[in-house]
Amino acid sequence: MTPPPATGERDVPAPPADEVERLRRELQDKQDRLLRALAETDNVRRRAQRDREDYVKYASESLLRDLVPVLDNFDRALGAARTASGTASVVEGVELIQRELLRVLERAGVSRYSAVGQRFDPARHEAIARVVSAEVAPDTVVHETAPGYLLHGRVLRPAMVAVAAAPGEDAA
């Protein structure tokens with residue numbers, strides 16, 4: 001066996017020119033496909049970002065579309081209140097609007113709840129007053145200033161309540 005040449009180079013036959021050209025074309029084709037794939041990935045990322053922004057921007061569109069007729073009814077009720085002499089028809093119109101608005105909110109997942117008679121729950125009730133009462137147990141909701149609202153079971157706004165206190169407690 002003959003030792004390799006001292007320069008560290010071996011006699012490697014040069015590939016044929018057509019083989020080199022084929023490999024160059026193949027490399028160029030792979031680079032072109034890689035650049036196209038990177039550009040497509042970037043386009044998909046931008047499109048997804050734009051879709052997310054549009055979703056957030058227009059997420060409440062359906063709810064708002066349902067609320068616009070409620071505003072129209074308020075306009076009609078106010079117009080009737082300005083011209084009508086009977087307040088009963090105005091009250092009736094406002095009650096109809098309130099029911100319509102509650103239906104729209106229910107379709108959006110909002111439900112109203114009352115707290116009167118329940119035990120005070122700081123997660124669902126906001127105490128705004130304490131009332132001394134011997135008739136009901138302490139920490140029981142005796143009056144509701146504003147009802148509470150839930151959005152799909154989660155508290156949207158707690159009920160504003162007055163809570164019973166025993167006769168010996170400070171009711172301030």
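Which residues does E126 touch, not counting residues up to four places away in sequence? The model is a predicted one, and within it E126 touches F120, P158, A159, M160 and V161. The points below place this residue in its setting and then turn to other parts of the chain.

**Overall architecture**
- The chain has 172 residues, and 16% of them count as buried.
- Its secondary structure comes to three helices and six strands.
- Read from the N terminus on, the elements follow the order α-α-α-β-β-β-β-β-β.
- Among contacts in the chain with a separation of 6 or more, 63% are accounted for by residues 24 or more positions apart.
- The chain exposes about 13,400 Å², and carbon and sulfur atoms supply 57% of that area.

- E126 lies in strand β2, which covers residues 125-132.
- E126 counts as partly exposed because its relative accessibility is 37%, a value that falls between the cut-offs of 20% for buried and 50% for exposed.
- Although E126 and V161 are 35 residues apart in sequence, their C-alpha atoms are 6.0 Å apart in space.

**The largest nonpolar core**
- Seven residues form the largest nonpolar core: Y113, A115, V141, L150, A159, V161 and V163.
- Strand β6, residues 159-165, gives the most to this core, with three residues.
- A159, one of the core residues, is in contact with Y113, A115, R124, H125, E126, E144, A146, P147 and G148, leaving aside its neighbours within four places in sequence.
- Two residues of this core, A159 and V161, are also among the residues that E126 touches.

**A nonpolar patch at the surface**
- L34, L35 and L38 make a nonpolar surface patch of about 320 Å².
- L34 is located in helix α1, which spans residues 17-58.
- L34 counts as exposed because its relative accessibility is 52%, and the cut-off for exposed is over 50%.

- N73 is placed in helix α2, made up of residues 61-83.
- The side chains of N73 and R76 are joined by a polar contact of 2.6 Å.
- Not counting residues up to four places away in sequence, N73 touches I97 and E100.

Conventions. Residues numbered from 1 in each chain as written. Predicted model: local features only at pLDDT ≥ 70, side-chain atom pairs only at ≥ 80, totals over all residues. Heavy atoms only, no water. Patch = residues over 30% accessible without salt bridge, like charges linked within 9 Å, V, L, I, M, F, W, Y side chains within 5 Å. Areas by Shrake-Rupley, 256 points an atom, 1.4 Å probe, with all protein chains shown as cover. Salt bridge = Lys/Arg side-chain N within 4 Å of Asp/Glu carboxyl O. Helix = DSSP H or I, 4+ residues; strand = E, 2+ residues; numbered from the N terminus. Buried < 20%, exposed > 50% of the residue type's maximum accessible area, 1.4 Å probe, protein only. Polar contact = N/O pair within 3.5 Å; in protein donor to acceptor, adjacent residues only side chain to side chain. Contact = heavy atoms within 4.5 Å. Core = buried A, V, L, I, M, F, W, Y, C linked by side-chain atoms within 4.5 Å.
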